[in-house]
Each structure stands twice: as structure tokens, then as C-alpha cells.
Amino acid sequence: MNFPVIKAAANILVQCPNMMMEHGTTLIQEKAKNPDSEYLKSIGQFVRSYEESVAYAPNQVFIGNMKPSDLNNVAGPWYSHPVEPKTDGRFGEIMSEVDFYGLMKMCDRFELVELSSEIAPVIKKALQSKEMFSEAQLAMLDKGADIAEIQALVDKHTALGLYDGDKLLGCVREAHESDPNLSAHVVFENLVTKASGVLAMKHLFIKNKIDPAIVDYIIETSEEAVGDMNQRGGGNMAKACGEVAGCINATGIDLRGFCAGPAHAMVNAAALVQSGIFKNVVVMAGGCTAKLGMNSRDHVNKQMPVLEDMVAGYAVLVSENDGVSPVIRTDIIGRHKISSGSAPQAVIQAIVVDPLIASNLKITDVDLYSPELQNPEITVPAGAGDVPLANYKMIGAMAVKRGEIEKKDLMDFTKKHGVSGFAPTQGHIPSGVPIIGHALLALQAGAIEKLMVIGKGSLFLGRMTDLFDGISFIIEKNSGKLESDDDAAASDEFKQELRELIADAMQKVADSLAGR
Amino acid sequence: MDKSFFANKKICALGDRDGIPGPAIAECMKTVGGEVLFTSTECFV
């Protein structure tokens, strides 16, 4: 059996302080309920600059300029200890919000994004210098709009503004005057997801010298819904992103599972490739505006920078086994069953322990676990704790329970088999997959042999079930040995002979018991 | 705390998705005689 491989991975970030202020749900709700609150009055002084976000160590880890373990060498709080500010990284880049407005415009097929005639050429020049976009795509930035017309649309509430501080640069118009699913808010949200997903795909292809035309299928895993009033989640973000990213031979699908979506999609992609249905499958997603500033009230209370100003995206290419790239072990898949239960121990048992036991592996046989990798500097001040560490402690506790390690070694287990969280709290984004780029490097360098990626999803948020969810898979160093078609045929022949022998023996046992 | 404190008390169980989920808190409350009126699990990530 030839397992599918992961050929390449990309991670991108976009610093979006203005989108956070205008479109983050925490801020939207506060503006509606308590427009004069101290929180709203003071948040402005805790908003970071683009330069500060680039020099933020976890962001440098996310785009691949630092390893997750490098965070152990950066004094805390990380926001007070800037690192070398590189906008470009091994896996992707950190884009500025204003440049991103241009990318949103280039991803807009219905002339819903307007940029002022003053800013459009400035953005075009900046995006042109990246050498990522075609002339036809850049030409979409040639036509600017009169800023007075843009202001009028925003004032009429038929469009939402694109700002740089207090300055209006453009807008996103509603796509329908009465359809709530095509409102300016929904179109804005979806275009941000699309554009950030496209940026991740572009980096996946360009940085790894991959022709987008080889992609057969795209699985998109964000948490947004694309559709109109008759089919709110109709889709298809995957194909929409693939169109802009140049995947001319691909179709695709949107796969949803809250934060567990990416891990589910990786398992699906692996199955599609291993079965031979498709040779090259991209799993990807852009980020979300709703979660920007989600815990900002606590950050402001703690007098610290509002760190949830990053929209993120990722893309991963799953392909046929090339004998080199790390493999996805499709025979070791963990899943949280409907009957598994929602207590933390039950969740880890189902997702992590059960698949290992079924494969005669120990918890300690997996060198590195990648559960959700939320940056603890975002979650701890908000009272949500260090999520990766909590997962590592639970996995370690299961190893203690199974007698694999001593209780006194629990914290050592969390260090040896875990990494610090470094991903922004963008829901599906931190859910296991941001490690893949780093894992590919570590596996190919021989630093680790096995990695388990764990995705978990809060299904109860949608109010259709109170169930939790999760799925896991293992990425392993490629043995370099490929099973040929002849090997497979020989193996099948051997299995058939074995079945016949067993059937014959069982028949004889049955006959003897029956006295025949 | 004395477990009897929860007996016949009306309970709202507010869980954390990355901590103890609401249904788990509710189950515990029921075993000590609490009357669970509302259960929810919130997500902060």
C-alpha cells in the first residue's frame, strides 16, 4: 500500500487592525450595546502597527522564519520582545491591510469592491513588486472610484468601508438589496476569506515551484458560508479560490467541521489520492474577520496589545507517493465518535489513544503532537488558558494512566512531545495544520519520525447538536520504498490463497464437530 | 465545598470548550442534587 504524501505547505498572515475594529464580532456587539464603554474608548491605544505585528515572534514562526521551539528562547511577553521583522518567510508572508484591499479587489468577480482612484495605483505598485500576480489580475486595480462616491455608498449603508485609520480608501458593496446572505457584511467576510485563501495558495505554488495546473481537486475548510437567501451555505469557495490561484484543471468542494475542518479535509484528501481518484489535492482556507479582536476586551483590561489583529490562511498539497515526501498514515486515523462523550479525557481517548492502540503503538511512539496551536499569549490573558499545553497534559496523563511514563515525567512529556502555540485565534486556522510546514522540514531532516495532527471542533456552537468533534492523522517519514503494481498484485494473490486455506481449515473443523 | 450546597439549587452550567464542557458540569451537578436549567459551552478560540 502506497500512502499519499504531503508535498508542500504554506501559511500566510494579513495584519488587519481596521477590519478588527469594524468587523470583529466582539467590537460590533460592544458598539451596539455599549457605545460609550471604556473598552471602546481605550482600545485604540492598544492596537498594533503593521511593523509591530511583523516583529512579533509567533507570527514569524507562523510564516516559517522561526521554528516553534525558537519561542522558548524569546523572553516573554513576546509582544515586548520584537524579533527580526521579515515580511517574507519560508511558508508565506505577512501582508499589510492596505495591500490586502487590492487582493480583495483582484478576487472580486462582481465589481463589489471599490478602491479610491488615489489608493488603487499605490496598491497596484506594491502588489506588482511581489511578482505573484498576472498582468490581467493587476489590471483590475487600474480603475479607481471617486472617493466621494465611495463615501456616499458607506453613508447609505449599502457598502462597508475599507479604512486605513480614519481614512476611507474604498468599500465593499452589498450584492443584493434585500438578500441577507448577500449583504455587504457577508460579502465582505467572504471576500476576506477568499483573498486570504488565495494568498496562501499562491505562496504554496510559487515558493515550492509547483504548477497550479497539476491540481485536480481543492478542499476548502474555512468556517464561512457562501450562498444566497435560498442556499446560505451553497458554496463553492474552493473553486472560487482555485480560479484566482490558477488551478485551471481543478474542481473542489467546501468542507465544514468548525475548527476540525482542516484535519477532516486532510484525511479526505489523503483518501482521494490513495484511492487513485485524484493525483494532487490542495487543502486550504483563508481566515475570518469575525474572530478579529474576539478576546480584545481582556487584552485591553490587561493593558496589553490587542493581538487578534491577524487574518490567516494556509494551503497544503497532498499528492501521490514520490518516495521522498512525508506520508499520511491512512491506516491510523483517530475519530471522535457520536458515542465518545465530551469530557476532555474521553475526547483524547477517542482521537489520540484509540487509533494508536489499534495500531499497536504507544503514546510515546509519536514524537510530536500537534493539537490546536493557539498562541497562549492571546488566550491566557482572556482566561481561556494555554490550549496546546492543556492538550499535551491530557495526552501525557493518558500515557501515565497506560503506564508508559511516570507521573513525575508529565511535564517533561509536554515539552518533549509538544510545541508552544503560535497561531492566531482564527478558529479553523490553529487546528493542527499550521505545524505541517515545520513538520515537513523536521521529518525530512530526521529530527522526528512521527507526528500526529489533531483537529477538534465545537459543533455545539451551531445549536444543531451539543456534540464535540475531532479527528486525527499521523504524518510519518517516507520509507522510500514504494509498492509497485506487481507487488500489489502478488500481495492480493497471497491474501486470496490465505483466505482459501483458512476457509478450508474452518470447514474441516466444522465437519469434525458435526461428526461428518 | 460541601456537596449538599448544590442540593435543590437551580444550576446554569457554563462550560469552556477547551476546559470542562457544559454537559460534563451539568452531569456532575445532577449527581449532587442540582436542578440544571441551562447548559452551554462557549468557545474563545
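Predicted model: local features only at pLDDT ≥ 70, side-chain atom pairs only at ≥ 80, totals over all residues.
On the H6(A) side the contact is made by A:Val98, A:Asp99, A:Tyr101, A:Gly102 and A:Leu103. On the H7(A) side A:Ile123, A:Lys124, A:Ala126 and A:Leu127 take part. By class, the contact of H6(A) with H7(A) has six nonpolar residues, one polar and two charged.

## Helix H6 against helix H10

H6(A) also packs against H10(A), at an angle of about 100° and with the axes 9 Å apart. That angle makes H6(A) roughly perpendicular to H10(A).

From H6(A), the residues A:Phe100, A:Leu103 and A:Met104 meet A:Leu191, A:Val192, A:Ala195 and A:Leu199 of H10(A). The contact of H6(A) with H10(A) has seven nonpolar residues, no polar and no charged. A:Leu103 is listed in the contact with H7(A) and also in the contact with H10(A).

## Helix H10 against helix H11

Helix H10 (residues 184-207) of chain A has a further packing partner in helix H11 (residues 237-245) of chain A; the axes lie 9 Å apart and the angle is about 50°. This makes H10(A) oblique to H11(A). The crossing of the pair H10(A) and H11(A) is right-handed.

H10(A) brings A:Thr193, A:Lys194, A:Gly197, A:Val198, A:Met201, A:Lys202 and A:Phe205 to the contact. H11(A) supplies A:Met237, A:Ala240, A:Cys241, A:Val244 and A:Ala245. Sorted by class, the residues in the contact of H10(A) with H11(A) are eight nonpolar, two polar and two charged.

## A three-stranded sheet

Chain A holds an open sheet of three strands in the order S3-S5-S4, with antiparallel pairing. Strand S3 (113-115) and strand S4 (159-164) of chain A are at the edges; each has a single partner strand, so one side of each has no neighbour in the sheet. Ignoring direction, neighbouring strands of this sheet are turned by 25° against each other on average.

Three bridges join S3(A) to strand S5 (residues 167-173) of chain A in the antiparallel sense. A:Val113 has A:Val172 as its bridge partner in S5(A).

## Backbone exceptions

Most residues other than glycine have a negative phi, and most peptide bonds are trans. A:Glu111 is not a glycine, yet has a positive phi of about 50°. A:Glu111 lies in the loop between H6 and S3 of chain A.

The peptide bond from A:Gly76 to A:Pro77 is cis, with omega near -10°. A:Pro77 belongs to the loop between helix H5 (57-62) and strand S2 (94-96) of chain A. Another cis peptide bond links A:Gly235 and A:Asn236, where omega is about 15°. A:Asn236 is in the loop between strand S6 (217-220) and H11 of chain A.

## Chain A as a whole

Chain A contains 19 helices and 13 strands. The radius of gyration of chain A is 25 Å, close to the 24 Å that the globule rule gives for 516 residues, so chain A is as compact as a globular protein of that length. The C-alpha trace of chain A spans about 95 × 50 × 45 Å along its principal axes.

Taken along the principal axes, the C-alpha atoms of chain B fill a box of roughly 35 × 20 × 10 Å.

The contact between the chains takes 19 residues from chain A and eleven residues from chain B. On the side of chain A that touches chain B, the residues divide into ten nonpolar, seven polar and two charged.

Terms used: Residues numbered from 1 in each chain as written. Chains lettered and ligands numbered in written order. Axes fitted to C-alpha atoms, helices over the stretch in contact; angles between N-to-C directions. Helix = DSSP H or I, 4+ residues; strand = E, 2+ residues; numbered from the N terminus. Parallel < 35°, antiparallel > 145°, perpendicular 65-115°, else oblique. Left-handed = near helix turned anticlockwise from the far one by under 90°. Contact = placed C-beta atoms within 7 Å. Nonpolar A, V, L, I, M, F, W, Y, C, P; charged D, E, K, R; others polar. Pairing = 2+ DSSP bridges. Rg over C-alpha atoms; globule rule 2.2 N^0.38 Å.
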